[in-house]
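Thanks for coming, everyone. I'll keep this brisk. Please have a look at what comes up on the screen.

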Amino acid sequence: DIAADDQGRLIIGDFGNSESNTRRDLCLYFIEEPHPSAGYTSVSKKVFFRYPDQTEVPSPVRNFDSEALFYAHGHAYILTKHRSDTGTTLYRLDSEDSGRVHVLTRLESFDTRDQVTGADVSADGKRLAVLTYTGIWVFDAREKEKWFDGAIRWLPTEDEEAEAITIDGDRLIIAADEGDGDLYDVPISSLRVVRE
């Protein structure tokens, strides 16, 4: 996944861990956002991390894969793609120092009913959109970093190839299909209210 921070940098997640959960080099790349006509760019920082609750490599619990990254409140956040169950766990990267492996801070979990493939947060950090292979979730936080405790909306989807999502203003969620390159505009108001 890819996200933008509040310093004009792009953050690229290199944290795919497949079914085996054997990777020890999970990292985020920070790069200065290049001009669209630039022929190349370079990595300004590479930040390695590990999950605090992964005690074995490979892990017998296959919940340490990820495809979802977003930036809010001055931090990068990662949502896991569980292969042992239908949930996801939210983690925060507390430091961007290079040269060491950071232990993520585990925040909260939620049963998304399928594997998470993408995420995005609103500009004010209050609304979180999460995409799975079979649905779109929208969480409205009542307090900072407590997205799963607030209002929840959900909509089932039929396109199991969708793996990227963004919030465009307060009204639309746009999901990009990696298979055919399709884009879908989905009004947030069309999602079912799960909890108010």
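Start at Leu93. Leave out residues up to four places away in sequence, and Leu93 touches Leu28, Phe30, Val47, His75, Ala76, His102 and Leu104. This is a predicted model, so keep that in mind throughout. Leu93 lies in strand 7, which runs over residues 87-93. Is Leu93 buried or exposed? Its relative accessibility is 4%. The cut-off for buried is under 20%, so Leu93 counts as buried.

How far is Leu93 from Gly150? In sequence, they are 57 residues apart. In space, the distance is 22 Å, C-alpha to C-alpha.

Next, Ser95. Ser95 sits in the loop between strand 7 and strand 8, the latter being 101-103. Its relative accessible area is 19%. That is under the 20% limit, so Ser95 is buried too. The side chain of Ser95 makes a polar contact with the side chain of Asp97, at 3.2 Å. Setting aside neighbours within four places in sequence, Ser95 is in contact with Val47, Arg100 and His102. Val47 and His102 are also on the list for Leu93.

Now the cores. In soluble globular proteins, nonpolar side chains tend to be buried together. Here, the largest nonpolar core has 19 residues. Which of them touch the most other members? They are Phe70, Leu79, Leu128, Val130, Phe139, Trp147 and Phe148. At least two residues of this core come from each of strand 5, strand 6 (75-81), strand 10, strand 11 (127-132), strand 12 (135-140) and strand 13 (151-156). There is a second, separate core of 17 residues. Leu93 belongs to that second core, and Phe49, Tyr71 and Ala76 are also among its members.

On to Ser59. Look in the loop between strand 4 (43-50) and strand 5. Ser59 counts as buried, at 10% relative accessibility. A polar atom of its side chain lies 2.7 Å from the backbone oxygen of Val61. Beyond neighbours within four places in sequence, Ser59 is in contact with Ser20, Asn21, Gln54 and Phe64.

Last stop, the largest pocket. Its volume is about 210 Å³. How many residues line the largest pocket? The lining has 18, with Ile2, Ala119, Asp120, Ile165 and Thr166 nearest the centre. Strand 1 (2-4), strand 5 (65-72), strand 10 (116-121), strand 14 (162-168) and strand 15 (172-177) give two or more residues each. By type, the lining divides into 15 nonpolar, 1 polar and 2 charged.

That's my tour. Over to you.

Definitions and conventions. Residues are numbered from 1 along each chain as its sequence is written. This is a predicted model: local features need pLDDT of at least 70, side-chain atom pairs count only at pLDDT 80 or more; totals for chains, interfaces and linings use all residues. Side-chain values use heavy atoms; hydrogens and water are left out. On a 1 Å grid over the protein atoms alone, a cavity is a set of points where a 1.4 Å probe fits but cannot get out, and a pocket is an open set with protein on both sides within 12 Å along at least five of seven lines; lining residues have an atom within 4 Å of a point. Grid points are joined across faces, edges and corners, and a volume is the space filled by probe spheres set on the points. Helices (H or I, at least four residues) and strands (E, at least two) are DSSP runs, numbered from the N terminus. Ala, Val, Leu, Ile, Met, Phe, Trp, Tyr, Cys and Pro count as nonpolar, Asp, Glu, Lys and Arg as charged, and the others, Gly among them, as polar. A nonpolar core is a set of buried Ala, Val, Leu, Ile, Met, Phe, Trp, Tyr and Cys residues joined through side-chain atoms within 4.5 Å. Buried means under 20% relative accessible area, exposed over 50%, partly exposed in between (1.4 Å probe, protein chains only). A polar contact is a pair of N or O atoms within 3.5 Å; within protein, one must be able to donate a hydrogen and the other to accept it, and residues adjacent in sequence count only if both atoms are side-chain atoms. Contact means heavy atoms within 4.5 Å.
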